[in-house]
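Here's a protein model to explore together.

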Amino acid sequence: MPEATTAPPADRVLSIHVPPEAAGQRVDRIVADVSGLSRSYVQRLISAGGLTHRGRPLRSNATLLGGERLELVVPEPEPMELMPESIPLVVVYEDDDILVVDKPAGLVVHPAPGHPSGTLVHALLGRGTAYGGIAGVQRPGIVHRLDRDTSGLIMVAKHDAAQAGLMAQLKARRVKKTYQALVLGSVPAAVGRIEAPIGRDPKHRTRMAVVPDGRASVTGYRVRERFEGWTLLEVDLVTGRTHQIRVHLAAIGHPVAGDPVYGTGTSRRGPEGLARLFLHAWRLELAAPGDGHLIRATAPLPRELEAVVERLRVGRRTSPATGG
């Protein structure tokens with residue numbers, strides 16, 4: 001008779017409550033959504049027998065009725081094989097639980113195929129600080145990501161409890177993430193909200209797109225400043241899908257300036273002097289994992305983006321008045 005398997009004391013067991021609205025969905029997607037862990041990592045844990053319902057292991061493609069309570073065993077991280085690197089970091093906020101870092105454009109967040117070194121994770125390890133491990137060995141402390149070409153604020157957890165707490169806040173949409181984006185054209189409404197499901201583009205599998213069977217996605221925006229042919233927006237990321245802001249803004253006909261993936265022609269080139277994607281994670285608001293006090297962090301536009309805005313302002317002052 002096979003022996004029952006029990007998690008060693010060092011392992012963490014996460015309790016996952018399946019929301020009623022998730023009925024009929026694959027369990028690996030539900031667990032990834034609720035826990036904040038990546039879906040690929042959840043699938044590996046499930047394959048190892050780490051997800052159970054009333055003591056019985058589940059498969060990744062299992063579907064549920066909603067309301068169940070599952071248990072997910074998350075192993076203690078393996079010894080870190082990543083090498084610390086001396087990469088300068090701008091730390092905007094720090095306490096005993098978290099860091100908030102202003103990531104420059106071009107810096108990949110964590111190791112991935114094609115990027116085995118020189119990432120934000122390597123830079124964090126270079127500080128000699130301990131980090132949470134529940135997101136996996138390759139992602140110490142990481143609770144969310146920014147695209148490589150997006151600059152701005154990113155949260156990092158210093159221990160497991162902080163990491164779990166931040167993931168829970170993200171899942172509950174209690175972290176307010178505001179970006180600045182320069183987009184093509186004159187956005188008609190001063191304030192708007194985009195609600196459109198996002199999933200893998202069926203024609204280009206390396207891209208995302210608005211698709212009928214995609215995941216519910218919500219983006220809010222406000223016009224910050226108008227220029228000839230361009231609009232500077234403040235964008236609120238309500239949900240956090242891959243490339244969400246870029247996909248949503250392109251879908252309403254106002255792609256982000258300098259976007260080589262979702263832009264075309266003028267938008268891809270951007271205004272004069274732009275040499276990167278004009279998307280910057282400008283402000284973060286969250287509850288401190290320790291005592292719950294409100295943390296507000298901001299990161300001004302990088303100099304290369306501010307220079308583009310100033311050039312557009314000069315052009316607006318020197319061109320004839322328009323009705324826009």
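Let's begin with Arg 54, which counts as exposed because its relative accessible area is 78%, over the 50% cut-off. You'll find Arg 54 in the loop between S2 and S3. Its backbone is worth a look too: phi of Arg 54 is near 55°, a positive value in a residue that isn't glycine. Most residues other than glycine have a negative phi. Keep in mind that this is a predicted model, so what you're looking at is a prediction.

His 243 is located in the loop between strand S13 (230–237) and H5.

Now find helix H1 (residues 27–35) and helix H2 (residues 39–47). Their axes come within 9 Å and cross at roughly 120°.

You'll find Ser 60 in the loop between strand S3 (56–57) and S4. Setting aside neighbours within four places in sequence, Ser 60 is in contact with Arg 26, Val 27, Asp 28, Gln 43 and Ile 46.

In soluble globular proteins, nonpolar side chains tend to be buried together. Here, the largest nonpolar core has 37 residues, and those with the most contacts inside it are Val 27, Val 31, Leu 37, Leu 51, Leu 70, Leu 72 and Leu 286. Quite a few elements give two or more residues to this core: H1, H2, strand S4 (69–74), strand S6 (98–103), strand S7 (151–157), helix H4 (160–171), strand S14 (279–287) and strand S15 (294–298).

Take Leu 37 as an example. Not counting residues up to four places away in sequence, Leu 37 touches Leu 14, Ala 32, Val 42, Leu 45, Leu 72, Val 74, Ile 134, Ala 135 and Met 167. There's also a second, separate core of 29 residues, which includes Leu 146, Val 156, Leu 237 and Leu 279.

**Four residues side by side**

Here's how accessible four residues are.

| Residue | Relative accessibility | Class |
|---|---|---|
| Ile 198 | 3% | buried |
| Val 247 | 5% | buried |
| Ser 60 | 14% | buried |
| Gln 138 | 35% | partly exposed |

Ile 198 is part of strand S10 (residues 198–200), and Val 247 is in helix H5 (residues 244–251). Leaving out neighbours within four places in sequence, the contacts of Ile 198 include Met 208, Ala 209, Val 211, Gly 214 and Val 247. What does Val 247 touch, not counting residues up to four places away in sequence? The list is Ile 198, Met 208, Ala 209, Val 210 and Tyr 262.

How do sequence and space compare here? The C-alpha atoms of Ile 198 and Val 210 are separated by 4.5 Å, with the two residues 12 apart along the chain. For Val 247 and Ala 189, 58 residues apart along the chain, the C-alpha separation is 18 Å.

Finally, look for Gln 138 in the loop between helix H3 (120–125) and S7. Gln 138 and Glu 81 are 57 residues apart in sequence, and their C-alpha atoms are 8.6 Å apart in space. Apart from neighbours within four places in sequence, Gln 138 is in contact with Leu 82, His 110, Pro 111 and Val 121.

Definitions and conventions. Residues numbered from 1 in each chain as written. Predicted model: local features only at pLDDT ≥ 70, side-chain atom pairs only at ≥ 80, totals over all residues. Heavy atoms only, no water. Axes fitted to C-alpha atoms, helices over the stretch in contact; angles between N-to-C directions. Helix = DSSP H or I, 4+ residues; strand = E, 2+ residues; numbered from the N terminus. Core = buried A, V, L, I, M, F, W, Y, C linked by side-chain atoms within 4.5 Å. Buried < 20%, exposed > 50% of the residue type's maximum accessible area, 1.4 Å probe, protein only. Contact = heavy atoms within 4.5 Å.
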